[in-house]
Amino acid sequence: MSDKKLHLTITTPLRTVYTNDIDQLTVTTSVGELTILPDHIPLITTLEIGQVMVKNDGHEVYYAIDGGILEVRHDNKVVILSDRSENASEIDIERAKEALKRAEDIKNNSSDVDNVDYNKLERDIAKELNRVKLTEKNQRR
Amino acid sequence: MQTKTIKQKMKSVQNIGKITKAMEMISVSKMKKSVQKRLASDVFAERSFELLENLHVHKKLSHPYLESRDGNKVLMVIIASNKGLCGGYNMNVSKQVTRFIDTNSEVTIDAIVVGKQSEKIAKRNNINIVASFTEFSDYYTASEVRSFLHSITQQYDNDNYREVVIAYTKFVSSLAFEAQITPFIPLNVDTAEKLAHIENTTNAKRKFALYSFEPNEQEVLNKAVPAVLMTVIYQLLLESLASEHSSRVMAMRNASDNAVEMLDELKLNYNRARQAAITQEISEIVGGSAAVS
């Protein structure tokens, strides 16, 4: 492994979630999965709801992300601007499951079809599923 | 006055003083926390503005929220407090709203209000309220801000508003704050940067000419615009919150000082009354013994 490192910052409108030197990073972009290593070309891309895998000194850390923008700079600095981001260990699994169930209930049982914003519901379900998956993944390890 | 009634009054003034002192200290810590939260969003604001400026100003890409529109309706977001006892804080916002109405008499105004006091402001100025947010948690969570922003943009999309303006209180320092009305949508990069207190140092700005974009530049801009709107509205909410608390600190400090002053005065009166009672008693005893002998 090279001794070059990436400097990663994950930030949301509310706070900066993560800032550290890392070896590599894997994200889900809107055109597919992407792994960034040091000396990547400058790139700006949009992120989907998904996971960010951060690898440093052989350790893997996962972050859940509700979409956002990824910026890779020429000087090995990487910035993720996310609407919202959580470390896998910070995720409240019960709450995520509950929210998931609630969203699905509304989707399946709503009698007032006109008033349901299906796009938003689909998005909510995707977000919560993402959290649940990530936590379960972390627990297995 | 009777010593007993003075004593009672002293007691109640003392209690009020204790309460206002406690409120002052609570507000000091709440103000500090709001300022901290406000500063924590700076990194995101800086980056997203950089992106917006490069795509919109230099590459001339566009987005519905960046284009000005015609019309005679204005959507006004009024940010004030839920609770009172904070000096002139709400009154100052109200004055700005009234002035805005006076100078823009040709437009119809709808309002989205934050806080119970701004409901009152809107009613006092005869503005139609389209949405009211009074249940926000202490320092605003991400989902609260998002749904707040969503209701603003939805209202803007569905009706022919000319613009969205925000009446809020700018936090200058813990002693100075200033109610003002600022344009929000259509987003103007320069004014929005000023709102977010981002220094416009042109030579330090990076150009994104060397970057490759995926899937394309327009897609990135479509994500960057809501991100910028979100930070701006979040920062304005927190600045107003910090101003509210610092205004309350001042009001409560005044109240505590007044309580101390009043207590001193009452103590003087009390001692005077007590002395008068003793003197009277002595003269009665002296008078009584003189009558007996």
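Is Ile278(B) buried or partly exposed? At 36% relative accessibility, Ile278(B) counts as partly exposed, where buried means under 20% relative accessible area, exposed over 50%, and partly exposed in between (1.4 Å probe, protein chains only). Before going on, some ground rules: this is a predicted model, in which local features need pLDDT of at least 70, side-chain atom pairs count only at pLDDT 80 or more, and totals for chains, interfaces and linings use all residues. Residues are numbered from 1 along each chain as its sequence is written, chains are lettered from A and ligands numbered from 1 in the order in which they are written, and side-chain values use heavy atoms, with hydrogens and water left out.

Back to Ile278(B), which sits in helix α7 of chain B. Helices (H or I, at least four residues) and strands (E, at least two) are DSSP runs, numbered from the N terminus. Together with Ile282(B) and Val286(B), Ile278(B) makes a nonpolar surface patch with about 250 Å² of accessible area. Such areas come from the Shrake-Rupley method with a 1.4 Å probe, and for residues only the protein chains shown count as cover. Patch members have over 30% relative accessible area and no salt bridge; like charges are joined within 9 Å, nonpolar side chains (Val, Leu, Ile, Met, Phe, Trp, Tyr) within 5 Å.

There's a charged patch to look at too: Asp257(B), Glu261(B), Asp264(B) and Glu265(B) form a negative one. Asp and Glu count as negative and Lys and Arg as positive, with His and the chain ends not counted; each charge is placed at NZ of Lys, CZ of Arg, CG of Asp or CD of Glu. Asp264(B) belongs to helix α7 (residues 217-292) of chain B, and its 49% relative accessibility makes it partly exposed.

Now turn to helix α4 (residues 116-124) of chain B, whose buried residues are Gln117(B), Ser118(B), Ile121(B) and Ala122(B). They span an arc of only 140 degrees around the axis, so they lie on the same side of α4(B). That arc is taken from the directions from the helix axis to the C-beta atoms. Lys123(B) and Arg124(B) are exposed on the other side.

Most residues other than glycine have a negative phi, and most peptide bonds are trans. Asn126(B), in the loop between α4 and β3 (128-133) of chain B, has a positive phi of about 55 degrees and is exposed at 73%. Asn76(A) has a positive phi of about 65 degrees, but this one is buried, at 12% relative accessibility. Ile185(B) and Pro186(B) are joined by a cis peptide bond, with omega about -5 degrees.

What about salt bridges? In one of them, Asp39(A) pairs with Lys4(A), their closest N and O atoms 2.8 Å apart. Asp39(A) lies in the loop between β4 (32-36) and β5 (43-56) and Lys4(A) in the segment before β1 (6-11) of chain A, so this pair ties together parts 35 residues apart in sequence. In chain B, Arg162(B) meets Glu106(B) at 3.8 Å, N to O. Here Arg162(B) is in strand β4 (residues 161-171) and Glu106(B) in the loop between α3 (89-103) and β2 (108-114), 56 residues apart.

Notes:
Salt bridge = Lys/Arg side-chain N within 4 Å of Asp/Glu carboxyl O.
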